[in-house]
Structures are given as C-alpha cells and as structure tokens.
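Trainee: Please take me through the disulfides of this model, one at a time. I would like a close look at where each one sits.

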Amino acid sequence: MTIIFSFSLFFLIAGPYMVPEGFTMEIVGGKEVPPHSRPFMASIQTEGNHVCGGVLIHPQWVLTAAHCGFLFDKGQSATVVLGAHSLSKNEHSKQMFAIKQLILFSKSESDDIMLVKLHAAAKLNKYVQLLHPRSKNYIRDGTKCQVTGWGATSPDVLNNSDTLQEVTVTIISRKRCNSQSYYNHRPTITKDMICAGDARGWKDSCKGDSGGPLICKGVFHAIVSRGDKCGVAKKPGIYTLLTKKYQDWIKSNLPLPHAY
C-alpha cells in the first residue's frame with residue numbers, strides 16, 4: 001500500500017502513525033569524511049535545523065525514513081539541502097529545495113521508508129549525485145558496512161555534527177538481534193530489517209542520522225531506522241533493508257527515464 005501526501009496536508013491526515021520511542025539516531029565512534037566525497041547525501045531540515053538524513057536516488061526524489069516526516073512540527077518550513085559538507089558554512093556547492101510531496105510505503109512502523117519529492121529537480125554535478133539501491137535480501141553476518149550522517153557524535157551530548165561523519169559498523173544476524181540478550185522481539189527484526197553495530201557499543205548510528213544510507217562493499221543496502229538509546233553493545237542500530245518489495249515500490253514511483 002502506498003500513501004501519498006502533499007506536504008501541506010501531511011500533518012492533517014497522517015493519522016495514528018506515531019514516532020515510536022527509540023527513534024533517535026546519531027553517528028558515534030566515526031570520523032569526518034573528506035568534503036563532498038558522499039555527493040548523494042541529503043540533509044532534511046526544518047527552520048534551517050537538520051533533523052534527518054536522506055539519499056538522492058533521482059534528481060527530484062530523496063529516499064529517507066518514514067518517521068522523519070513526523071519529526072516536522074506543523075507549520076514549520078521544511079527543506080532538503082544537497083551538496084553540503086558543513087551544515088553551517090555558506091558552501092557554493094549547496095542546493096536547497098522545498099518539499100513538494102511525501103510518499104509513505106505504508107502507515108506501519110515496520111515499514112520505515114519514505115520518498116520525498118523536491119519542488120524542482122536537482123542539478124547533478126560533482127557535488128550532487130545519485131545513489132541507487134542495489135540491495136539483495138541477504139547480507140552476511142559480520143559484514144563491515146559504512147553509515148553516514150550529520151547526527152550527534154556523542155550519546156551524552158545530542159547535538160548534530162556540523163560536518164558529515166561516517167562510521168564502520170558490523171552486520172548482526174537477524175536471529176541474534178531478535179534473541180533474548182539483544183532486542184528479544186521488542187521490536188521484532190523482520191525480514192525487511194537488518195541490525196548493525198559494534199560488539200563493544202562504541203560504533204553506532206543514532207539522532208540526526210535517520211534516513212541515511214548503510215553501504216556495504218559499495219552497495220546501498222539499507223537506511224537508518226531506529227535504535228535503543230545509542231552506542232549500547234546489545235542494542236545495535238536497526239535499519240530498513242532495501243528488499244525487492246521496497247525497490248519495486250521505489251521504481252513504481254520514479255518517473256522514467258531516470259528510474260534506475
């Protein structure tokens with residue numbers, strides 16, 4: 001089921017879909033990336049403040065987490081910034097767009113994925129480029145992956161990073177992530193989700209990183225969804241896995257000839 005909202009109507013008809021507890025995402029234990037080396041990254045902002053990440057998958061479309069739409073307060077102006085490295089600096093590479101439309105896959109918390117339509121197409125150049133989901137349904141336990149975002153760098157000081165950060169996390173099997181010593185099915189990690197973190201809890205995604213990409217061996221596999229606090233060893237980050245059903249849904253909403 002696809003749910004389409006014009007941005008102005010989104011807050012009036014979103015209904016009972018609420019932001020669950022634990023939807024706080026930030027980069028912990030990572031480092032700053034070389035400026036403009038991740039040209040597919042989007043910063044979703046309200047009143048000039050970063051709230052979520054996203055990935056440019058088409059000149060006029062950004063992929064992000066569904067719950068990001070509920071982080072906007074009614075009446076606030078929301079924008080998408082492309083081509084940024086520093087959020088505060090007046091970089092000539094930046095392109096800013098109003099949001100025209102939000103499309104949810106469904107209202108279910110387990111389908112934490114959303115398409116954001118920009119009011120105009122981005123100009124693609126060395127600072128702004130596309131990244132297409134190429135995930136397969138299976139990622140091997142123990143695979144090293146990178147997650148990127150402007151979220152906070154400390155679980156104790158929840159301020160967004162000014163510059164784009166990245167951390168390497170390790171895939172944790174669905175069975176282990178659902179086990180009693182991990183999430184114990186609260187929430188249940190479904191076949192459309194994947195866990196990734198660090199055995200010591202030192203490396204994690206958590207607040208401000210929601211909607212950003214999880215990239216494994218150069219393949220865009222998943223987007224940051226949720227977690228329990230941040231940097232907790234047996235409460236790793238939970239990601240929306242870009243399974244075939246989501247990839248088919250994305251393709252069905254993207255206009256040709258840019259659909260990948």
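Mentor: Start with Cys-145, which counts as buried because its relative accessibility is 0%. Buried here means under 20% relative accessible area, exposed means over 50%, and partly exposed is in between, with a 1.4 Å probe and protein chains only. A disulfide joins Cys-145 to Cys-216, with S to S at 2.0 Å. The term covers a pair of cysteine sulfur atoms within 2.5 Å. Cys-145 lies in strand β9 (residues 144–149) and Cys-216 in strand β12 (residues 213–216), so the link ties together parts 71 residues apart in sequence. Helices (H or I, at least four residues) and strands (E, at least two) are DSSP runs, numbered from the N terminus. The S-S torsion of Cys-145 and Cys-216 is about 100 degrees, so this disulfide is right-handed.

A word on the basis: this is a predicted model, where local features need pLDDT of at least 70, side-chain atom pairs count only at pLDDT 80 or more, and totals for chains, interfaces and linings use all residues. Residues are numbered from 1 along each chain as its sequence is written, and side-chain values use heavy atoms, leaving out hydrogens and water.

The count is three disulfides. Another joins Cys-177 to Cys-195, S to S 2.0 Å. Cys-177 lies in helix α2 (residues 174–177) and Cys-195 in strand β11 (residues 193–197), so parts 18 residues apart in sequence are tied together. Its torsion is about -85 degrees, so the Cys-177 to Cys-195 disulfide is left-handed.

Cys-52 and Cys-68 also pair, with sulfur atoms 2.1 Å apart. Both are buried.
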